[in-house]
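I opened my notebook to look up a few things here. Here are my entries, in the order I made them.

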Amino acid sequence: MKPRVAIGFLGSTLDQGKNAERWQRWRPTVSLCQHQDLQIDRLDLIHGTSHAALAERVAQDIAQVSPETQVRQHVMDLKDPWDFEEVYAALHEFARAYPFDPDTEDYLVHITTGTHVAQICWFLLTEARVIPGRLMQVTPPRRWKDGDPGTHSIIDLDLSRYDRIATRFRAERQEGASFLKSGIETKSAAFNRMIERIEQVAIRSKSPILLTGPTGAGKSQLARRIYELKHARHQIKGPFVEVNCATLRGDGAMSALFGHIKGSFTGAMADRPGLLRAANTGILFLDEIGELGLDEQAMILRAIEDKRFLPVGADKEVASDFQLIAGTNRELARAVETGRFREDLLARLNLWTFALPGLRERREDIEPNLAFELARHAQASGETVTFNKEARAAYLAFATSPEAAWSANFRDLGASVTRMATLAPSGRINETVVAEEIERLRAAWRRTSAEPDAEILAGLLGAQRLAHIDLFDVAQLAAVVRVCRESKSLSAAGRTLFAASRAAKSSTNDADRLKKYLARFGLMWEAVAAR
Amino acid sequence: MITIDGSAGEGGGQVLRTALSLSAITGRPFALENIRAKRRRPGLQRQHLTCVTAAAQITRAKMSGAELGSGALRFEPGAISGGAYDFAIGTAGSTILVFQTVLPILLHADVPSRLTLSGGTHNPMAPTFDYLERVFLPQIKRMGADVDVSLHQAGFYPAGGGSWMAGISPSQKLQPLSIENAGEVRLRRIFADVANIPFEIARREARKAAAMLSWPAEAATPRTIKADGPGNVLTIEIAADYVTEIFTGFGERGTSAEAVVARTVKEVREYLVTKAPVGPHLADQLLLPLALAGGGSFVTMHPTKHTTTNIAVIETFLPVELKLDDLGDGRWRVSVRR
């Protein structure tokens, strides 16, 4: 056992006592050395010059009751023992000068004596490991019996040593992370790390959060969970307001978001507070924020920067304090380049950006989510549906294969499970049901998946002519054809394709330019756009 | 290696002290396990370590687990060295208990020993210096030991500060002893001693004790004694031809002088009523010397759990048998046979 060293102040009141009667009182510093189950091998006793006589008597009494203890007296004169700055500086200096050797000695900082300020300083110095020891407190016996030294307790400030505290910390952290993950089942280490990071940000920050990822990756679910987490931690008290910006196009968008006052436009029959005001003291989740018009973007920016905005038709600004979570499946940086998204708003949103991977990038999560979807179906429909072993294996084999596109991510998986559960005879999904479902998914993804470049062009030019076109040109032409097919007219397609030149005013006739390009391959607008 | 279960029976400290003495004398190492296992503060306490360290010092023993709170101790004694020893006992612990541990050992040394002891001399739950001097040592001397003690200052709990000296001459072989009756009572006296507390308390105790025992008032003497801290001890002595017995009471704050007297007088009466010459404490202390002598017997009162536990430890070290015979009317005979 390492020699035990106690360091502490002389108690100028509690350690007092001149005559024999002093032994009938509890004196903390003396009692320190009277315990049957604690032996102090050395006591470093700090006192002021004016208490030298008392220190000497205490030292002598300790020598008598504890011949094993060596008492060393240290003079420390404090002008004001309640002055934090002075006491801390003095003790810090004392600790710095003390030749601590924790490998050969065990240090206990005796905090029972001295002012509360001294206690705080001891605590700080020990917690900061300037003093490599543990705190010790002695308490008088509950009922006085002559000489009873009372009790002593040793307090180790290393929190990791306390199982229950450590477990609780872990559990609370876990609770946060699993809180966010519920509904987003995962086995993916990378995804788990991201969820943990989001948790940290969600708990500590009120800044906007941007969630990116493909449709159905779980952005909206995650936003809702962040809200619930913050709400459970009493960080917000307002509601969760969710809106998909793709549904806000046109004239109604402004008024839906920012509200309007009665009579501000035709049909404005009454005041409308708007979504931003509804989200006051809560969270506003703007999904597909890339779909928001430029005017609305400007208003949103002002609303998150100043927490104020002007409702439609109002002449006075209103206030709303909300945290913004934005979702997008677009590359917003590219939208900024094409002028469809405000750069300053992106900069504001970009502080915390989390990219939610699609299900294809999280194949290890298909299995846990399968279980989750089944449980959700059971909850919604009231009947429990299970796979038989072979059916489950067959479905997972397909689901995790490269062939499975999961183009709508969790939405696809959810729909797939719902279909199988509905068709399952007596609540059991068998191989037949799975085989049908796999076919259904294949067909669906075949329809939606983009055709390879060569296939697009082969339909227009014929395989033979295609064989004489360089790969260089095939890639470009296929891209042009795709834009044409998505555009209403030759001019619209031209505007999209030559947007950059158009912005630089270096080309005015986009339609003509496109027409000539197509002609190089013997193609006409009508033929290209026909499909 | 002898293994002793420290949680069995009663008197954890007594088991340890007996084992230390016998291990040192016989040279047989021992392991004590589950030390004070069922106590609120389990393991070795400072008062126990004091005895361990003293015995180890005298025999240059090799030890493991000799630390505070330890639940297991291994003790391998070397040769016994007599000589000068200074034992300073912490927490005002009983110097008498330490002395009784090392006395049998030093009787087996080659040279005389001179001990200086400091700490407590009058502790509750331990024999007092008066008891040692006038009750225990006379019996040991009758067995052939040459021991003398002299008190310099009394030490009470919690201040301690008592000090005394002891001289021990080697006497390898103790003679068996037989105490069948106490003989004629020659002296009955009461001392009520106070240190650093009002003398009136001593006076009240003396008066009350004499009255309760219906002894003449002159038998009781209130005294002020010198000590570092406060202390009060009541000593009631009955000296007969073959045995002197002493009964001790301690004053403490919150307990009236009268209550201290009543408690002590009750023990005296029980002893007198039973008419057994050896009181329960002396009985415990005679077991080891008798076992070392290899014979002898005495009549005492109903054996306590301490006594039976102690007998069990002795029998594991020495080739002896200690027998308890119920003589009726609360009297028992303890006899030792090889």
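How much area is buried between chain A and chain B, and what percentage of that area do carbon and sulfur atoms give? I found about 2100 Å², with carbon and sulfur atoms giving 48%. Buried area here is the accessible area (1.4 Å probe) that two parts lose on being put together, summed over both. I noted that Met1(A), Gln36(A) and Gln64(A) supply 31% of what chain A buries against chain B, more than any other three residues.

A note on the ground rules. This is a predicted model, where local features need pLDDT of at least 70, side-chain atom pairs count only at pLDDT 80 or more, and totals for chains, interfaces and linings use all residues. Residues are numbered from 1 along each chain as its sequence is written, chains are lettered from A and ligands numbered from 1 in the order in which they are written, and side-chain values use heavy atoms, leaving out hydrogens and water.

Next, I looked up contacts. In chain A, 23 residues touch 23 residues of chain B (heavy atoms within 4.5 Å). I also found two salt bridges across this interface (a side-chain nitrogen of Lys or Arg within 4 Å of a carboxyl oxygen of Asp or Glu). Arg41(B) and Asp37(A) form a salt bridge through their side chains, at 3.2 Å from N to O.

Last, helix H4 of chain A. I see that Leu124(A) sits in this helix, a DSSP run (H or I, at least four residues) numbered from the N terminus. Leu124(A) counts as partly exposed because its relative accessibility is 31%, between buried (under 20%) and exposed (over 50%), with a 1.4 Å probe and protein chains only.

Conventions: Helices (H or I, at least four residues) and strands (E, at least two) are DSSP runs, numbered from the N terminus.
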